[in-house]
Amino acid sequence: MKRIYMDHAATTPVDKDVVKEMLPFFTEKYGNPSSLHSFGREAYNAMEKSRENIASLINADKDEIFFTSGGTESDNIAIKGIAYKMKEEITDYKGPHIITSVVEHPAVMETCRHLEKMGFKVKYLPVDKYGIVSIDELENSISKGTFLISVMHANNEIGTIQNIDDIGKIAKEHDIVFHSDAVQSAGKIPVDVKKIRIDLLSMSSHKIYGPKGVGALYIRKGVKLEPMIHGGGHEKGLRSGTENIPGIVGFGKACELAKKRLNEDAEHLTILRDKLIKNVLNIIEETYLNGHPEQRLSNNAHFRFTGIEGEALILSMDEKGIAASTGSACSSKKLLPSHVLMAIGLNEIEAHGSLRLTLGRENTDEDVRYVIDVLPGIVEKLRKMSSLWGKKLEIEKWKKKMKK
Ligand code: PLP
């Protein structure tokens, strides 16, 4: 059977050139980068080359990049690191100390909830029906005690891209540290930390054709964080522990490739995404697009189908060889409605009837045509079995009768 992977927001395959680059660092170049001998120097030099490639992708300086185990850790270090550093300095405990949004990834959301338990005050900004944070509301929420704004760049579920340029300007005006989770955007859309005032930026390798278990945190020069992991003083004391050299090498290569292919990938994905969205909305009745119609990631198509269960849809698609998702990978095994879909104003039933298709480099026009061919039949079959859809049809019949 044909197998089509359309869940690239969950993770991507590792690029063959990335694997090739990594392999010698398991068996031949296995030195510890802290060692003084030639094996150590070899590993150290490879790590620094990767740091350069990662910095170059977001136009940062090499010494502003700190390696982590992935996006989750980068978010944790950024938010807790600032909060713990600020704890002594806070005199105003009235207003929110941290301003974030209701559509953040759990790596940010749960970190903020943890900090609330520690006594910090957090404001969770609402979003509009497309998932965009209001800049006015953000500015109005700032108080004397606010020391951190954390708003993601692109949403992992609905693909909406925030106006981080404007958020950065406000953060700068008020002299507040601005953190952005760019796990879904860095390597897919341009990110330039010299143009946009971002102080902390989280990245992850496995979303951009690199290996899992490695990521980075960009820290603007001069921004001070309290370390979260103590030990031998690696990564300038911020994050101790022997570095994951094969992973770091792979991440560096993935960033190098992403930078080279940024425009080519975006062009290819936009064509496929638009074809998918246009056809699915046209062919299947009572289908809607979640997220912003234009201000969205080039690989994200997120639909809502009246009268069906997203989970049943995913399983039926899986039977036809299509890998898709209902929302974020972290919540897709739970049967709770997505907090992002609820935040954009959907009710529980609507949220449960949603489907996320996220395209990748290796997807072709043929893959998209296959989905367009197969999906209407699956939706029809599920609607026939759905009591929700049955009820909807009955109500429509009744309404027509009443009009006569
Ligand atoms: N932030 C966002 C927006 C994500 O999409 C993800 C992963 O899905 C993460 C953070 C967590 O990244 P990682 O899997 O590298 O820990």
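In this predicted model, an oxygen atom of the ligand sits 2.9 Å from an N or O atom in the side chain of His-206. Two further polar pairs involve the ligand. A polar side-chain atom of Ser-204 lies 2.6 Å from an oxygen atom of the ligand. The side chain of Asp-181 places an N or O atom 2.6 Å from a nitrogen atom of the ligand. Taken alone, the ligand exposes 390 Å², and the protein buries 88% of that area.

The shell around the ligand holds 13 residues. Gly-71, Thr-72, Asp-181, Ser-204 and Lys-207 come nearest. Eight residues of the shell are polar, three are charged and two are nonpolar. Helix α4, spanning residues 71-86, supplies the largest share of the shell, with three residues.

Beyond its neighbours within four places in sequence, Ser-240 is in contact with Ile-229, His-230, Gly-231, Gly-232, Gly-233 and His-234. Two backbone nitrogens face its side chain at polar-contact distance. That of Gly-231 lies 3.2 Å from a polar atom of the Ser-240 side chain. For the backbone nitrogen of Gly-232, the distance to a polar atom of that side chain is 3.3 Å. Met-228 is 12 residues from Ser-240 in sequence. In space, the two are 8.7 Å apart, C-alpha to C-alpha.

Technical notes. Residues numbered from 1 in each chain as written. Predicted model: local features only at pLDDT ≥ 70, side-chain atom pairs only at ≥ 80, totals over all residues. Heavy atoms only, no water. Near = heavy atom within 4 Å. Polar contact = N/O pair within 3.5 Å; in protein donor to acceptor, adjacent residues only side chain to side chain. Areas by Shrake-Rupley, 256 points an atom, 1.4 Å probe, with all protein chains shown as cover. Helix = DSSP H or I, 4+ residues; strand = E, 2+ residues; numbered from the N terminus. Nonpolar A, V, L, I, M, F, W, Y, C, P; charged D, E, K, R; others polar. Contact = heavy atoms within 4.5 Å.
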